[in-house]
Amino acid sequence: MEKYVDLLLKNKKKLLFLLGIINLIALIGLFHIKINVDMKTFLPTDSNYIKSYDLIEKKYDLSDQLIVMLEIEKNPLEDIKTYKKIWQLQRDIEKINGVNFISSLFPQSLPGYNIKNADDINISFLNRLNQITLFKEKFLKVKNNIYYTLLTIPLKSEDFKVVDEIEKKLKDVTYYSAGTLFFTKKLFDYLFNMVIFLPPFAFIVMLFIFSMQLGSKKVAFFSIIPAGLGALWTMGLMGWSGKEVGISTILVPIFTIIMGSADGMHFLTHFIEYRENGLNKRLSIIETLRSTGIAMIMTTITTIIGFISMIFINSNMMKEMGIWSSFGIGFAGIATLYILPLIISGNVELKRKRPHMFNVDFTKKLWNKKGIFVFIIIILFFALLIPTINIKFDQISMFKNYTKVRKDYEKLKNIFDFNIPIMVDFETTKEPLDKIYYKEMKTLEKSLSNTINEFNYPQDFLEIMGKEFFKFKTYPNPIQILIIKNAVKNNPSIPLFDLTKGKSYLGIIITKDNSENTLKMVKNTINKLKEKKIFKNINVTGMGYVFDEMNTTVLTSQVKSIFLSVFLVFISVFFMIRKLKTSFFAILPLMGALIVEFGTMALLKIPLNIQSALMANITIGVGVDYAIHMIGTYRYYKNKVENPIEKTFDVVQKPIMANALGLAFGLSVLNASPFTFHTYLSIIMWVGMLSASLFTLILLPNLLKLDNKISR
């Protein structure tokens with residue numbers, strides 16, 4: 001350690017100049033960062049449902065579409081002024097570059113009418129529309145004497161400007177919207193604000209907590225600098241490498257600042273104590289590194305292990321978050337050992353102005369069998385709750401209730417029974433509009449009636465149009481189909497023939513809910529049709545199935561990740577201590593913390609999903625740090641003081657509690673996020689960090705008494 005410190009001090013100017021260059025390069029890299037809001041990167045990497053969904057999109061030339069629900073005071077089919085206003089609004093929206101067409105109650109015209117502009121609309125036209133259930137039932141609802149009408153807007157562009165332009169046209173009406181592009185546009189806005197505001201907010205929170213613990217705002221500021229630089233270097237590297245920031249990787253700078261600051265806080269805590277004992281700066285730095293340097297390196301490694309084990313979670317985005325968080329923690333650890341000695345060796349004077357806070361001397365009363373008994377009782381209580389954890393994640397529940405995405409979705413669901421659709425690709429042996437398929441779909445619709453709200457298929461559209469537009473008494477024959485096709489070919493708002501492709505047709509099902517049982521029942525019922533020779537193949541897919549698949553696999557991938565993390569952490573601790581029994585002692589507190597965390601999730605009904613599951617990886621990586629610092633400090637004092645356990649406790653208890661509370665308070669900034677799982681993560685980490693720190697301070701002194709042969 002002495003040679004390392006002298007090397008730093010001897011080359012101080014060169015190293016500070018190098019630091020400036022690194023920071024400048026990282027700052028430039030920040031401007032190259034892009035935000036990725038594609039939810040598919042969040043989903044399982046090997047999902048057959050996603051592959052099927054992509055194939056169906058290409059096969060039927062399906063584009064992203066927006067759903068816009070207008071809230072109006074009068075029935076547009078009875079009030080011609082209202083109808084003309086919305087009819088013109090729809091025409092204006094259709095002119096926007098990127099809008100394909102609009103299906104609604106307000107078509108450009110109807111067979112037998114020549115509507116060129118709003119003035120051509122008359123009462124006869126409205127009466128005709130009123131007779132057509134294809135329009136009336138699908139696009140108009142009334143609730144509490146308020147009328148609602150839908151505009152379904154397929155797009156030919158995924159540019160966010162399309163959403164902006166549509167919303168400008170809608171500024172004078174009350175509307176609710178949904179759809180993939182709207183969803184991703186709002187997601188982009190939320191993530192952009194989080195990138196700008198949350199990392200600085202996390203820095204300020206950590207500064208406040210550490211200043212209370214370290215007794216000085218100045219000392220606290222310097223303790224967080226390495227973590228702040230680690231976040232800067234990581235984000236700069238992401239920018240230069242072309243990696244994009246997504247809904248998970250947005251947490252990387254926050255995690256780096258909050259968790260990476262632990263080493264700086266431990267370093268300065270020890271440094272100030274040596275200074276107060278009369279040592280000069282050089283010797284204080286050397287003794288600090290001797291007493292806690294190895295522990296700092298090991299805690300950095302174990303935290304990285306916690307994150308890097310996320311590569312076993314079946315999601316590209318979660319894997320990337322684990323990898324980039326590992327970079328952040330690693331950079332923060334390097335910055336602590338590289339930058340802090342350079343800074344504090346200069347003219348900077350760091351002194352404690354007031355005593356430490358967060359004193360937990362009460363834990364000494366549990367350094368006996370009573371403490372072990374209390375630990376066992378707590379673990380048993382929370383362990384019994386774990387089997388009741390709910391596993392759930394979908395596109396909508398991730399948003400908090402106050403967000404426009406969530407509010408608009410709930411309104412649409414309430415009025416039009418809106419839900420994420422199931423897509424069914426029916427490959428046929430006959431022409432897809434043959435009457436035989438109409439009968440099969442009617443039978444299928446009846447068998448699914450208790451679980452679905454709506455079933456759209458081309459044969460049903462064809463039958464309704466034949467009766468209501470052309471007065472055909474039965475299902476159209478091939479000649480009549482040609483007549484209908486010719487009549488609607490210039491009216492894109494009636495997308496009948498877009499649902500057929502060669503010898504295939506597309507069915508779109510809206511279920512009452514997306515529960516696992518509902519999705520399974522619908523799929524099994526549809527697949528029974530494969531037994532009939534009139535179908536070559538039937539492919540059922542949809543985002544509901546994708547998320548359900550992810551929910552069923554998250555537990556398996558999480559268990560793998562946890563076992564790998566615990567194993568690697570154990571090996572790392574054993575490498576440091578070289579004693580099997582003591583290494584096992586070190587991981588006991590974090591194992592207890594994991595059980596308490598999962599039990600708390602069950603108790604508070606916090607769903608386990610691919611995002612909230614990462615708290616286990618964080619707890620493993622960070623929770624063991626407390627044990628490592630305690631054991632490392634104990635080894636340092638074992639042969640230097642009369643009561644090494646007591647001395648160790650006095651030295652480490654306050655920085656351990658400061659770190660635990662700092663991490664808990666720091667992650668509380670996630671409550672400002674519009675995403676529910678960020679708030680859940682904050683709650684869980686409060687429980688995890690406090691239990692890991694207190695279990696360490698209670699259990700380890702007990703266990704160290706049983707093993708007084710810890711090698712240096």
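Arg-290 is partly exposed in this predicted model, with 44% relative accessibility. Its salt-bridge partner is Glu-287, and the closest N and O atoms of the two are 2.7 Å apart. Glu-287, at 15% relative accessibility, counts as buried, because the cut-off for that class is under 20%. Both residues belong to helix 11 (residues 281-308), where a spacing of three residues separates them by about one helical turn.

A second pair sits in helix 14 (residues 404-416): Lys-404 and Asp-408 are four residues apart there, about one turn of the helix. Their side chains meet in a salt bridge of 2.8 Å, N to O. Lys-404 is partly exposed at 26% relative accessible area, whereas Asp-408 is buried at 4%.

A third pair lies between neighbours in the sequence. Asp-172 forms a salt bridge with Lys-171, with 3.5 Å between the closest N and O atoms. Here Asp-172 is exposed, at 63% relative accessible area, and Lys-171 is exposed as well, at 62%. The whole structure holds 23 salt bridges.

The strands come next. Strand 10 (residues 504-511) is mostly covered, with seven of its eight residues buried. Strand 8 (residues 422-428) runs antiparallel to strand 10 and is joined to it by six bridges. In this pairing Asp-425 stands opposite Leu-506 of strand 10. Strand 9 (residues 452-456) also pairs with strand 10 in the antiparallel sense, over four bridges. There, Glu-454 stands opposite Ile-510 of strand 10.

Notes:
Residues numbered from 1 in each chain as written. Predicted model: local features only at pLDDT ≥ 70, side-chain atom pairs only at ≥ 80, totals over all residues. Heavy atoms only, no water. Buried < 20%, exposed > 50% of the residue type's maximum accessible area, 1.4 Å probe, protein only. Helix = DSSP H or I, 4+ residues; strand = E, 2+ residues; numbered from the N terminus. Pairing = 2+ DSSP bridges. Salt bridge = Lys/Arg side-chain N within 4 Å of Asp/Glu carboxyl O.
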